[in-house]
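Please look through the sequence and the three-dimensional model shown here before reading on.

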There are 2 protein chains.
Amino acid sequence: MRKIKVLTNFLEANDAVALENKKLFDKHKILVLNLMSSPGAGKTLILEKTIEKLKKHFKFAVIEGDVATSNDAKRLAKYDIPVVQITTESFGGACHLDASMINKAIQGLKLSSIQIIFIENIGNLICPAEFDLGEDRKVIVLSLTEGEDKPSKYPVVFRNSDLLLINKVDLLPQLDIDVDLILKNTKKVNHKLPAIQLSAKTEQGFKKWLDWLVKEYKSKPKRKVCSGKWRE
Amino acid sequence: MRKIKVLTNFLEANDAVALENKKLFDKHKILVLNLMSSPGAGKTLILEKTIEKLKKHFKFAVIEGDVATSNDAKRLAKYDIPVVQITTESFGGACHLDASMINKAIQGLKLSSIQIIFIENIGNLICPAEFDLGEDRKVIVLSLTEGEDKPSKYPVVFRNSDLLLINKVDLLPQLDIDVDLILKNTKKVNHKLPAIQLSAKTEQGFKKWLDWLVKEYKSKPKRKVCSGKWRE
């Protein structure tokens, strides 16, 4: 019984900090997305392409979570946006980000000049699912190469997400994968979860994801999309 | 400080049970392999093909670890070998197997008539790396689709493993992946880790893995490989 009690307190403590983060994000009218996936599902490439295509219209920032290395932060920093790297090696190699890590990370960001923050969570389909970070939306990225049964095998992350991105659809001709079965298995654990099939590499289907993102941004009160370039 | 102390005790407790498991496996001269990977890297298909090709020569058993579902156990049960499924949903959705779970699982196996046990760990590159199960060898399976930087980003699992299987090499022509860079990054975290490139789908390179397995089996004292079929 003790174990469960400790876990509950731990999650409660996390949720309290997540709420603090959320209030800060809301105050500055920032849309915050928590991207979760297995290792190598393509989160970073999706972010690179997204920022490249929308950077004239939105002011982005990225919080990168990894166990080790700052490779992904370096990939994103070339877009001349604020990027904060969190490595969990110093937290015993933690398998997910938590609200306190995000709270520290945003202290290094000038929130008043940011509109969208992407949090790239640690590559892991299990642990990140349970920890709210104060985000507006959770996005689960599944690579087509991972197989049809992942929604059934990792139900919590699919249940808790607001959007499913099925990435690497350019590989479909080379794979024995039934996309309809992925969608069917997804429906079983979260019948409301919308899914977008795309390839960050070939950009097939990519516009649907950008449209979703812009719509989410606009759905927060008092936000406007810049029709031209942003000026400082 | 308390957190670290608890973690240490927890790992120590695990190691004590792992040693018990190891003694049992050694007593019965069973080779035990702990297979770890990201979700969807192809562990189950590798096991299916391995068992199919070697079942005339070895008596296999499989312990399947998943958060939810018994899909993989069902896939393997068709080879008419003992399969035990562990689902961690009842352990709060734990992100890895531990020695106690294995200890319980082997109570359902007739160890005296088993030669090789595969433990298919939960799809996760972080948590399983730290928990010994009493196995002889840890095998990390990396799908080629996951990218070149995974050894750097998830160093512990690469550091603690005895063999790296780079799977899905049949997709190489369709991917922008530099296999030499994967090997170079692997060397940086574990310069002794041997690597085999294979495709469980096309069976390219598969014989090297089978040869490694047979060699590992033979390297334990008093073990013999059956040249014909096993008889009960």
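## Terms and basis

Contact, or touching, means that heavy atoms lie within 4.5 Å. This is a predicted model, in which local features need pLDDT of at least 70 and side-chain atom pairs count only at pLDDT 80 or more, while totals for chains, interfaces and linings use all residues. Residues are numbered from 1 along each chain as its sequence is written, chains are lettered from A and ligands numbered from 1 in the order in which they are written, and side-chain values use heavy atoms, with hydrogens and water left out.

Asn14(A) belongs to helix α1 (residues 2–27) of chain A; helices (H or I, at least four residues) and strands (E, at least two) are DSSP runs, numbered from the N terminus. With a relative accessible area of 6%, Asn14(A) is buried, a term for values under 20%, with exposed meaning over 50% and partly exposed in between (1.4 Å probe, protein chains only). Not counting residues up to four places away in sequence, Asn14(A) touches Asp98(A), Ala99(A), Phe131(A) and Asp132(A).

## The sheet and its helices

In chain A, seven strands form an open, parallel sheet in the order β3-β2-β4-β1-β5-β6-β7, where two strands pair if DSSP finds at least two bridges between them. Strands β1 (residues 31–37) and β5 (residues 137–143) of chain A pair in the parallel sense over five bridges, and Leu35(A) has Val139(A) as its bridge partner in β5(A).

Helix α8 (residues 206–218) of chain A packs on the sheet, touching β1, β4, β5, β6 (163–167) and β7 of chain A, and its direction makes about 140° with that of β1(A). Such angles run from 0 to 180 degrees between N-to-C directions, with axes fitted to C-alpha atoms, for helices over the stretch in contact.

## Two chains meeting

A rotation of 180° with 0.0 Å of shift along its axis superposes chain A on chain B, with an RMSD of 0.0 Å, which is the relation of a two-fold axis. The superposition is by least squares on the C-alpha atoms of residues with pLDDT of at least 70 in both copies.

The contact takes 35 residues from chain A and 35 residues from chain B. Because 100% of the interface residues of chain A are also interface residues in chain B, the copies meet through the same surface.
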